[in-house]
Amino acid sequence: MADVLSVGVNLEAFAQAISAIQALRSSVSRVFDCLKDGMRNKETLEGREKAFIAHFQDNLHSVNRDLNELERLSNLVGKPSENHPLHNSGLLSLDPVQDKTPLYSQLLQAYKWSNKLQYHAGLASGLLNQQSLKRSANQMGVSAKRRPKAQPTTLVLPPQYVDDVISRIDRMFPEMSIHLSRPNGTSAMLLVTLGKVLKVIVVMRSLFIDRTIVKGYNENVYTEDGKLDIWSKSNYQVFQKVTDHATTALLHYQLPQMPDVVVRSFMVAVTKIHLAVPPRRGARDGK
């Protein structure tokens, strides 16, 4: 009879279970080898089929026998103790009211999570160190008096700067007319008219484009109170599809350091739409 240690594991049965696992893997490998080799060369087809079936059944019986042996040994191995002393914290497992205050199990769980947190923090630190951006920690030694004044971000640019950028873009494309308005304060709204093909409503927040809607040239782009209609879709399916593509491009292409480049690139894409869409009526919804 094998000695059963205080941890509750029968080591002899454990070693036999490992041997049983190896035997089971060998039996399963023989089954797949039998299927791979197929029917051996015999005198007749019936003889080959019978030999293959008999060999295959023998291999399956071996798998079943090894599996039953492994299940029997697994019952003899025993269940290990749930208490794994972690230095002096193992004394917490001796608490008689462990079911009411499972402090020891929670401590082990916290230890596992702290290891995972340390691992992921190391990965994040390695990725951040690869960036060329300057960290604020590098300027900790600079006094408050000599610290350079923070430059305005792209979200708080003055309206005059935004007007100048839109004016320069308007002069770049003679076939395009841009009308700028601010009905809701400092946020600009653009009505871009391209030939006699389409109109584009661009809702901006400083120099960031928040929303864009493409409509046909003959469609109404104003609401009853005279403001730009930034919510209703086009009545033509072709311009609805163009709106979806334009929105997708805005979501995937952003350059916070130079937002004017994004606006200029968007206007270039609009001019290409002018060449792709013929000046005729599109197919209406439901037709």
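This is a chat about a predicted model of one protein chain.

User: How many helices and strands does the chain have?

Analyst: The chain in this predicted model has 6 helices and 4 strands. Read along the sequence, they follow the pattern α-α-α-α-β-β-β-β-α-α.

User: And what share of the residues is buried?

Analyst: Of the 287 residues in the chain, 26% are buried.

User: What about contacts between residues 24 or more positions apart, what share do they take?

Analyst: If we look at the contacts in the chain with a separation of 6 or more, residues 24 or more positions apart account for 47% of them.

User: Let's go to helix 1 and helix 2. At what angle do their axes cross?

Analyst: The axes of helix 1, which covers residues 11-37, and helix 2 cross at roughly 160 degrees, and they come within 9 Å. Angles over 145 degrees count as roughly antiparallel, and helix 1 and helix 2 are therefore roughly antiparallel to each other. Their crossing is left-handed. Sorted by class, the residues in the contact of helix 1 with helix 2 are 20 nonpolar, 5 polar and 2 charged.

User: Can we pick one residue there? Where is Asn59, and is it buried or exposed?

Analyst: Asn59 sits in helix 2, which runs over residues 45-77. Asn59 counts as buried because its relative accessibility is 6%, and the cut-off for buried is under 20%.

User: Which residues does Asn59 touch?

Analyst: Leaving out residues up to four places away in sequence, Asn59 touches Arg30, Val31 and Cys34.

User: You mentioned Arg30. Which element is that in, and what does it contact?

Analyst: Arg30 belongs to helix 1, and, with neighbours within four places in sequence set aside, it is in contact with Asn59 and Ser62. Arg30 is partly exposed, with a relative accessible area of 38%. From C-alpha to C-alpha, Arg30 and Leu60 are 9.1 Å apart in space, although they are 30 residues apart in sequence.

User: What about Glu49, where does that one sit?

Analyst: Glu49 is in helix 2, and with a relative accessible area of 37% it is partly exposed. Glu49 and Gly38 are 11 residues apart in sequence, and their C-alpha atoms are 9.3 Å apart in space.

User: New topic. How many residues are in the largest nonpolar core?

Analyst: The largest nonpolar core has 28 residues, and the ones with the most contacts inside it are Phe266 and Met267. Among the elements that give two or more residues to this core are helix 4 (159-172), helix 5 (237-252) and helix 6 (259-276), together with strand 1 (176-181) and strand 2 (189-194). As background, nonpolar side chains in soluble globular proteins tend to be buried together.

User: Which residues is Met267 in contact with?

Analyst: Apart from its neighbours within four places in sequence, Met267 is in contact with Ile169, Phe173, Met176, Ile178, Leu190 and Val192. There is also a second, separate core of 9 residues, which includes Ala20, Val31, Leu70 and Val77.

User: Over to the strands. Where is Thr193, and is it buried or exposed?

Analyst: Thr193 lies in strand 2, and it is buried, with a relative accessible area of 17%. Not counting residues up to four places away in sequence, Thr193 touches Glu175, Met176, Ser177, Leu198, Lys199 and Tyr217.

User: Last one, what is the phi of Ser206?

Analyst: Ser206 has a positive phi of about 60 degrees, although it is not a glycine. You will find Ser206 in the loop between strand 3 and strand 4, and at 12% relative accessibility Ser206 counts as buried.

Note on methods. Residues are numbered from 1 along each chain as its sequence is written. This is a predicted model: local features need pLDDT of at least 70, side-chain atom pairs count only at pLDDT 80 or more; totals for chains, interfaces and linings use all residues. Side-chain values use heavy atoms; hydrogens and water are left out. Buried means under 20% relative accessible area, exposed over 50%, partly exposed in between (1.4 Å probe, protein chains only). Contact means heavy atoms within 4.5 Å. Axes are lines fitted to C-alpha atoms, for helices over the stretch in contact, and angles run from 0 to 180 degrees between N-to-C directions. Angles under 35 degrees count as roughly parallel, over 145 as roughly antiparallel, 65 to 115 as roughly perpendicular and the rest as oblique. A crossing is left-handed if the near helix is turned anticlockwise from the far one by less than a right angle, and right-handed if clockwise. Ala, Val, Leu, Ile, Met, Phe, Trp, Tyr, Cys and Pro count as nonpolar, Asp, Glu, Lys and Arg as charged, and the others, Gly among them, as polar. A nonpolar core is a set of buried Ala, Val, Leu, Ile, Met, Phe, Trp, Tyr and Cys residues joined through side-chain atoms within 4.5 Å.
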